[in-house]
Amino acid sequence: MITSTISIQAKAANIWQALTHKEEFKQWYFDIPDFELSVGSTFDFYEPGDEKKYLHRCTLLEIIPNKKLSYTWTHPDYSKGITTVTWLLEEKNEITEVTLHHQGLNHIQDAGSQFAPENYQQGWDEILANLKKYLIKTV
């Protein structure tokens with residue numbers, strides 16, 4: 001499992017909105033047109049750019065508003081393995097600690113070296129930094 005954590009001077013509700021509203025998260029995360037905030041809903045997206053590189057297919061597993069968002073994370077073109085991404089929000093005095101866990105990366109070892117845990121760690125660290133920059137501009 002990899003973990004990335006960041007503290008953001010924002011209310012958990014503001015971060016939750018950035019995590020769960022497709023018009024917002026396309027500003028700092030990925031553009032996911034078919035995202036629907038509903039347990040069991042599945043959404044697809046690709047890495048940014050026109051190449052349609054690295055299909056991601058995810059299914060929402062758990063939604064606890066302002067606290068927890070969890071979904072599967074797969075790369076069906078590269079592996080049958082399933083991993084899980086979980087976002088946790090913990091607010092204290094208008095500062096929210098955002099923790100991301102990505103579990104099960106050993107299940108996609110067959111996908112190749114581009115899906116190595118260290119690459120995910122670097123990617124998630126950058127994504128959390130992007131989230132913080134986005135929230136600082138909008139809050």
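Let's start with Asn 93. Asn 93 is exposed, because its relative accessible area is 75%. For these labels, buried means under 20% relative accessible area, exposed means over 50%, and partly exposed is in between, with a 1.4 Å probe and protein chains only. Asn 93 sits in the loop between β5 (83-92) and β6 (95-103). Its phi is near 55°, a positive value in a residue other than glycine. Why point that out? Most residues other than glycine have a negative phi.

A word on the model. It is predicted, so local features need pLDDT of at least 70, side-chain atom pairs count only at pLDDT 80 or more, and totals for chains, interfaces and linings use all residues. Residues are numbered from 1 along each chain as its sequence is written, and side-chain values use heavy atoms, with hydrogens and water left out.

Now Asn 66. Here phi is near 65°, again a positive value in a residue other than glycine. Asn 66 lies in the loop between β3 and β4. At 30% relative accessibility, Asn 66 counts as partly exposed.

β3 covers residues 56-64, and β4 covers residues 68-73. They run antiparallel, joined by four bridges. Two strands pair if DSSP finds at least two bridges between them. Ile 64 has Lys 68 in β4 as its bridge partner. β3 also runs antiparallel to β2 (residues 42-45), again through four bridges. There, Asp 44 has Arg 57 in β3 as its bridge partner.

Step back to the whole chain. The secondary structure comes to three helices and six strands. Helices (H or I, at least four residues) and strands (E, at least two) are DSSP runs, numbered from the N terminus. From the N terminus on, the order is β-α-α-β-β-β-β-β-α.

What about overall size? The C-alpha trace spans about 45 × 25 × 25 Å along its principal axes.

Surface next. The accessible surface is about 7700 Å², and 47% of it belongs to carbon and sulfur atoms. Those areas come from the Shrake-Rupley method with a 1.4 Å probe; for residues, only the protein chains shown count as cover. Of the 139 residues, 42% count as buried. Among contacts (heavy atoms within 4.5 Å) between residues at least 6 apart in sequence, 48% join residues at least 24 apart.

Last stop: helix α2, residues 22-28. Glu 23 is in α2, and counts as exposed at 54% relative accessibility. From Glu 23 to Ser 79 is 56 residues in sequence and 29 Å in space, C-alpha to C-alpha.

Glu 24 is also found in α2. Which side chain of opposite charge is nearest to Glu 24? That is Lys 26, 12 Å away. Glu 24 is buried yet has no salt bridge. By salt bridge I mean a side-chain nitrogen of Lys or Arg within 4 Å of a carboxyl oxygen of Asp or Glu. For charge, Lys and Arg count as positive, Asp and Glu as negative, and His and the chain ends are not counted. Leaving out residues up to four places away in sequence, Glu 24 touches Gln 17, Ala 18 and Tyr 134.
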